[in-house]
Amino acid sequence: AYGWKGVLGIQRYWFNMVITVLYLVDFSCAYTRPYLSFRLSPYLRAILACNNIGGARREAKLILSLIPSLAAFLVVIGLYLLVFAWVGAVLFNEVDKENFGSVGVSLWSLTVLLTTCNFPDVMVKSLNATRFSFIFFFIFTAMGCFFLLNLVLGVVYGGYQSRDEEEDREALENTQRQLRVAFELVDVDGNGTLSRSELRKL
């Protein structure tokens, strides 16, 4: 169908309209309240790009399909961070309130440390207070960066590769099925071959 009925019948266009409305709301909030530091616009632009670019939409679907297989690993990483955040808040609360003032602050500091973005700044004050704090940061970094994150990376890569191969196989089967249907439509006499007359009609 063509016209507005055809456009409104496509789910992707409805999604684009919702994102556009949210974009306008975010723009209005930024205009009326310029002191707000959080903006939705960068994230909405990324979502629009993924929704309208075929390759990006396919990759986004692949990544989202991996979330169930990653759930258990994400829970393990969350518990790992929570335990070390609690221990860090208990050990270094007095010497480094900026990074370990509470369990929440400690959790954020260790989450950033897991990416090594704040290394070694996060442990300077603790090391100045006692050199034994090196053991805490060594165990956390060694287990988190060199074991847990590599384990997650392996699971993500394996799941992505298998899902990608599955989609390629489904696309190939769909193509073969369509070609088979097209051949059966052209093969009028149903003998499994195309005669000259059938080719001329084609």
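The legends below describe close-up views of a predicted model.

Local features are given where pLDDT is at least 70 and side-chain atom pairs only at pLDDT 80 or more, whereas totals for chains, interfaces and linings use all residues of this predicted model. Residues are numbered from 1 along each chain as its sequence is written, and side-chain values use heavy atoms, with hydrogens and water left out.

**View 1. Packing of helix H2 (residues 11-32) against H3.** The two axes lie 10 Å apart at an angle of about 165°, where axes are lines fitted to C-alpha atoms, for helices over the stretch in contact, and angles run from 0 to 180 degrees between N-to-C directions. H2 and H3 are therefore roughly antiparallel to each other (angles under 35 degrees count as roughly parallel, over 145 as roughly antiparallel, 65 to 115 as roughly perpendicular and the rest as oblique). Helices (H or I, at least four residues) are DSSP runs numbered from the N terminus. On the H2 side, Arg-12, Phe-15, Asn-16, Ile-19, Leu-22, Tyr-23 and Asp-26 meet Ser-41, Leu-44, Arg-45, Ile-47, Leu-48, Asn-51 and Asn-52 of H3, contact meaning heavy atoms within 4.5 Å.

**View 2. The largest pocket and its lining.** A volume of about 170 Å³ lies in the largest pocket, a volume being the space filled by probe spheres set on grid points that are joined across faces, edges and corners. A pocket is an open set of points, on a 1 Å grid over the protein atoms alone, where a 1.4 Å probe fits, with protein on both sides within 12 Å along at least five of seven lines, and lining residues have an atom within 4 Å of a point. The lining is formed by Phe-15, Ile-47, Cys-50, Asn-51, Arg-57, Ala-60, Lys-61 and Leu-64. Helix H3 (41-52) and helix H4 (54-65) are the elements that give two or more residues to this lining, and H4 gives the most, with 4 residues.

**View 3. Crossing of helix H7 (residues 103-114) and helix H9 (residues 133-186).** The axes of H7 and H9 come within 10 Å and cross at roughly 55°, and the two helices are therefore oblique to each other. Leu-110, Leu-113 and Leu-114 of H7 make the contact with residues of H9 that include Phe-136, Phe-137, Phe-140 and Leu-149.
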